[in-house]
Amino acid sequence: MPLSGDLLRLADAVLFPGFTGHTPPDWLRRRLGQGLAGVALFSRNIADPAQVARLTAALRAENPSVLVGTDEESGEVTRLEVATGSSRPGGYALGVVDDVALTEALARDLGGDLAAAGITLDFAPSADVNSNPDNPVIGLRAFGADPVLVSRHTRAFVRGLQSAGVAACAKHFPGHGDTSVDSHHGVPVVADGIEDALLPFREAIKEGVKAVMTGHLLVPSYDAELPATLSPKVLTGLLREELGFEGMIITDGIEMAAVAGAYGIGGASARAIAAGADAICVGGERADEATAAGIRDAIATAVTQGLLPEERLADAARRVRELASWAASSGSQASRDGSVGLAAARRAIRITRRSTAPVLPLTSAASVVELAPAMNLAIDRNTPWGVGQPLARLLPGTVVTRLAVGDSTGSALERLLGEAAGRPLVIVVRDVHRHAWQEQALRHLLSARPDAMVVEMGLPERSDLGAVHIATYGSARVCGQAAAEVLTGRL
């Protein structure tokens, strides 16, 4: 049976597809004109803020009420500043400083940049409680491991962002922090009680957060069979009825293996709407017209087959429209302060001195070795990071070498040690406790150069490494700048 035009339009009213390029393709323009709810922007769509503003204006020319969303968490997960690295540290650094006024100011500043670029929905903050230090996908994106601390900074971030007229979206409900599996690749299981994990979401709802993003997580205490994104018990029973959330529920990327692996992208999308989600986010990995059309058709077909009540689909579309209406009427000219991010990064620095020798400040050109692990898919692999470049600007002649997992052989490390003879040695790591190869390389280098300085730009599980250990709690551009200032005595 052919699907009716009205039903297809209703299905389009809950979709947020991605696309390729810096301008909207013809298929996207056409679908927007037919009532497509929104779009999700990724790094591939962004060159600079001026280009994004032109892009979003072109989208609104087709559909004035379109919602434009992106993952701009600040810190490691940045889209607007992917070419340069973020001018603001991420959540964990803000939690370390623990100044809610600073977090609110930084989020307001971020919201001002997003609003100026025409982005109306930010898939942030991460309200996850990072209680598992081996978590491969949350880590520095969270405000911390204490649910009360995470709650107060989640509220502050929501306040700041929404005061600039950009809808905040707390994620990844009901909490991705206590997991050791990346839902891009498998189904994480949250085995224990989740009351601590729920606290930041409860507080975000009290703060008036406009959207919540689902996590593709299995929570056996609520539903032993279906991940949260597909579970009526979690989305309707817990989030809607128990927590009282009335805003828009949007899925994490529906193409991720944790949900699409079992049901396909279209099947997972229809099941998510039936479970209580209001919007489908897709396009991080699948950004073509066929994928967006396939999801629309699958949702419409699920209605005709009785798997998805049309009333539920209509209710989802209503909630999306209500958010679009809020976004259209809440724009503000938030004052933007380009210095707040660097100030926050400087305040987050923690220094452990283990040598009585005066190894700091550095006054001559250094050798910098950066050990670079592979990042999870939430972090664009091309996002600049590190200490070497900002240090080279402060100390001309500084030499920077970056090693990945296969590069840190014994011979390569010995060569670098030879080249560093007579120079200060700075070793930069990222989550060294999660990567055995980094630990081995670091041990090799420190055994020969106990006077070396170690900069940890991930989670610092240890601070007893190197003559001086500097923890930045983030790898954003400003975190590298702050570390370089510490090394040279400017901070």
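Me: At what angle do the axes of helix 14 and helix 15 cross?
Reply: This is a predicted model, in which local features need pLDDT of at least 70, side-chain atom pairs count only at pLDDT 80 or more, and totals for chains, interfaces and linings use all residues. Residues are numbered from 1 along each chain as its sequence is written, and side-chain values use heavy atoms, with hydrogens and water left out. Helices (H or I, at least four residues) and strands (E, at least two) are DSSP runs numbered from the N terminus, and axes are lines fitted to C-alpha atoms, for helices over the stretch in contact, with angles from 0 to 180 degrees between N-to-C directions. The axes of helix 14 (residues 410-419) and helix 15 (residues 436-448) come within 10 Å, and the crossing angle is roughly 35°.

Me: Is the crossing of helix 14 and helix 15 left-handed or right-handed?
Reply: A crossing is left-handed if the near helix is turned anticlockwise from the far one by less than a right angle, and right-handed if clockwise. For helix 14 and helix 15 the crossing is right-handed.

Me: How do the residues of the contact of helix 14 with helix 15 divide?
Reply: Contact means heavy atoms within 4.5 Å. Gly410, Leu413, Glu414 and Leu417 of helix 14 meet Ala441, His444, Leu445 and Ala448 of helix 15. Ala, Val, Leu, Ile, Met, Phe, Trp, Tyr, Cys and Pro count as nonpolar, Asp, Glu, Lys and Arg as charged, and the others, Gly among them, as polar. On that basis the contact holds five nonpolar, two polar and one charged.

Me: Within what arc do the buried residues of helix 15 fall?
Reply: Buried means under 20% relative accessible area, exposed over 50%, and partly exposed in between (1.4 Å probe, protein chains only). The buried residues of helix 15 are Trp437, Gln438, Ala441, Leu442, Leu445 and Leu446. The arc is that of the directions from the helix axis to the C-beta atoms. Seen down the axis of helix 15, the buried residues line one face of the helix, because they fall within an arc of 155°.

Me: Which residues are exposed on the other side of helix 15?
Reply: The buried residues of helix 15 are covered by elements including strand 10 (367-371), strand 11 (399-403) and helix 14. On the other side of helix 15, the exposed residues are Arg443 and Ser447.

Me: Which residues does the face of helix 2 turned away from its buried side carry?
Reply: In helix 2 (residues 26-33), the buried residues are Trp27, Leu28, Arg31 and Leu32. They fall within an arc of 135° seen down the axis, so they line one face of helix 2. What covers them includes helix 1 (5-12), helix 3 (49-62) and helix 10 (289-304). The face turned away from the buried side carries the exposed residues Asp26 and Gly33.

Me: Is the crossing of helix 5 and helix 12 left-handed or right-handed?
Reply: The axes of helix 5 and helix 12 (residues 340-348) come within 10 Å and cross at roughly 145°. Leu102, Ala105, Leu106 and Asp109 in helix 5 meet Val340, Gly341, Ala344 and Arg347 in helix 12. The crossing of the two helices is left-handed.

Me: Why are the buried residues of helix 12 on the same side?
Reply: Val340, Gly341, Ala344, Ala345 and Ala348 are buried in helix 12. They lie on the same side of helix 12 because they cover an arc around the axis of only 135°.

Me: What is omega for the peptide bond from Phe173 to Pro174?
Reply: Most residues other than glycine have a negative phi, and most peptide bonds are trans. Pro174 is in the loop between strand 5 (167-173) and helix 7 (195-207). The bond from Phe173 to Pro174 is cis, with omega near 5°.

Me: Is Ser74 buried or exposed?
Reply: Ser74 is found in the loop between strand 3 and helix 4. Although not a glycine, Ser74 has a positive phi of about 75°. With a relative accessible area of 3%, Ser74 is buried.
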